[in-house]
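Dear colleague,

I am passing on the structure below, together with notes on what was found in it. Please keep the sequence beside you as you read.

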Amino acid sequence: MTRSKTARRPYAEQRPLDLGFGVWSVPVPIPGNPLGYTLVYAIESPRGPVLVDAGWNHPDAWAALRDGLAVAGIDVADVHGVVVTHFHPDHAGLAGQVRETSGAWIAMHEADAALVDMMNDVDSDLRRSFQTDMLRRAGAPVEDLPDGMASDGRQQPPARADRRLRDGDLVDLPGRKLRVVHTPGHTPGHVCLHLEDSDRLFTGDHVLPGITPHIGIYPFDRDDVNPLGDFLESLDRVGELGDLGALPAHEWTFPDVAARAAQIRHHHEEKLDRLLALLAERAEPLTIWETAAMMTWNRPWSELPPMLRGMAAGEAAAHLRALEVRGALRRLPGGEPVRFQALES
């Protein structure tokens, strides 16, 4: 039985832990974020430890990573490599500083590596323009358009990858077998990592014990991808690996990743059913923004700040797209903002 979200221990109560089989977990804080911390893992090898993720780019986070590794008897300067499960800043943020300190390589899936390259090549003004236009096409009102998602203090893009991974690759971890399992959905290049010599799976954000990851689509109105569909297929794939011990990037470690993957899949199928029922009750087509405002979030829509409304719209868009792929609703041709309407069953 998974503990509830209320049972999640705050960062102040976290400590580095020896998980056995040459694996340590090090909690690294995420300042100002309700998630509290990222669990960075260090895997011992004869050539030096390899980290799974690195944490948020902030002086307090760097100190926690450095001091936490020291508890495990590891000097950051000895790190051999950093495998980033996905490009988000609470996972990839400190990878560049680890590389500068130790000369370690940074590896991530080729799909996320391409996104990191693009983010590093595009200036902040163009990113702001892209986000504002995306919100407008989703049907966001004028008051939610200025700055909103762009001027919220977001970090600079993460460091570029030295090595690009593909599904089934073995990570450069001498004396161990750490295999890449491509699990797109949360990001296009999200990976889990199967430590085959100890029957454990580093799950990143793909399978978490008490919460589910954000699944969004960007731009909101894309019709050539299906991230929620990819995520559900990835859950099935992880489930096929069996009852491995899960080492997630947030919350706590837990047994039987397959059982939790099945629970998360069921959660999203129920969410899709509820959304389709809401759309079927409305005679008129709805924008992505209107749809997001109808859905249930962790607080009322009116209380969500602009950045969280944008994330909610991204998640609504991913669910609308999944229903569209299943033939349960249609996207109205032409016009802005884009609108969706349920089809008669």
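Strands (E, at least two residues) and helices (H or I, at least four residues) are here DSSP runs, numbered from the N terminus, and two strands are said to pair if DSSP finds at least two bridges between them.

Please bear in mind that this is a predicted model, in which local features need pLDDT of at least 70 and side-chain atom pairs count only at pLDDT 80 or more, while totals for chains, interfaces and linings use all residues. Residues are numbered from 1 along each chain as its sequence is written, and side-chain values use heavy atoms, with hydrogens and water left out.

**Sheets**

β13 and β14 are part of an open sheet of three strands, whose order is β12-β14-β13 and whose pairing is antiparallel. Because β12 (286–287) and β13 (329–331) each have a single partner strand, they stand at the edges, and one side of each is left without a neighbour in the sheet. Helix α9 (residues 306–325) lies across β13 and β14, and runs at about 110° to β13; axes are lines fitted to C-alpha atoms, for helices over the stretch in contact, and angles run from 0 to 180 degrees between N-to-C directions.

Another open sheet is formed by four strands in the order β8-β9-β10-β11, with mixed pairing. Its edges are taken by β8 (178–182) and β11 (245–248), each with a single partner strand, so that one side of each is left without a neighbour in the sheet. From one strand to the next, the twist averages 25°. Within this sheet, strand β9 (residues 191–195) and strand β10 (residues 200–204) pair in the antiparallel sense over three bridges, and H194 stands opposite L201 in β10. The loop between β9 and β10 holds D199, a residue that has a positive phi of about 50° although it is not a glycine.

**Helix packing**

Two packed helices are described by the angle between their axes and the distance between the axes. How do α6 and α7 cross? The axes of helix α6 (residues 227–239) and helix α7 (residues 257–280) come within 8 Å and cross at roughly 155°. That makes α6 roughly antiparallel to α7 (under 35 degrees counts as roughly parallel, over 145 as roughly antiparallel, 65 to 115 as roughly perpendicular and the rest as oblique). The crossing in which α6 passes α7 is left-handed, a term used if the near helix is turned anticlockwise from the far one by less than a right angle, with right-handed for clockwise. The contact (heavy atoms within 4.5 Å) is made by L228, F231, L232, L235, D236, V238 and G239 of α6, and by V257, A258, A261, I264, R265, H268, E269 and L272 of α7. By class, this contact of α6 with α7 has 10 nonpolar, two polar and three charged residues (Ala, Val, Leu, Ile, Met, Phe, Trp, Tyr, Cys and Pro count as nonpolar, Asp, Glu, Lys and Arg as charged, and the others, Gly among them, as polar).

Helix α7 also packs with α9, at an angle of about 85° and with the axes 10 Å apart, which makes α7 roughly perpendicular to α9. Here the contact is made by H268, K271, L272, L275, L276 and L279 of α7 with E315, H319, L320, A322 and L323 of α9, and its residues divide into seven nonpolar, two polar and two charged.

**Individual residues**

Leaving aside neighbours within four places in sequence, E315 is in contact with H214, I215, G216, K271 and W297.

A104, in the loop between α3 (95–102) and β6 (105–109), is likewise buried, at a relative accessible area of 3%. Not counting residues up to four places away in sequence, A104 touches V79, H80, G81, R99 and D162; the C-alpha atoms of A104 and G81, which are 23 residues apart along the chain, are separated by 4.5 Å.

Two backbone details remain. The peptide bond from Y218 to P219 is cis, with omega near -10°, and P219 is found in the loop between β10 and α6. D256, in the loop between β11 and α7, has a positive phi of about 60° although it is not a glycine, and at 29% relative accessibility D256 counts as partly exposed.

Terms used
Buried < 20%, exposed > 50% of the residue type's maximum accessible area, 1.4 Å probe, protein only.
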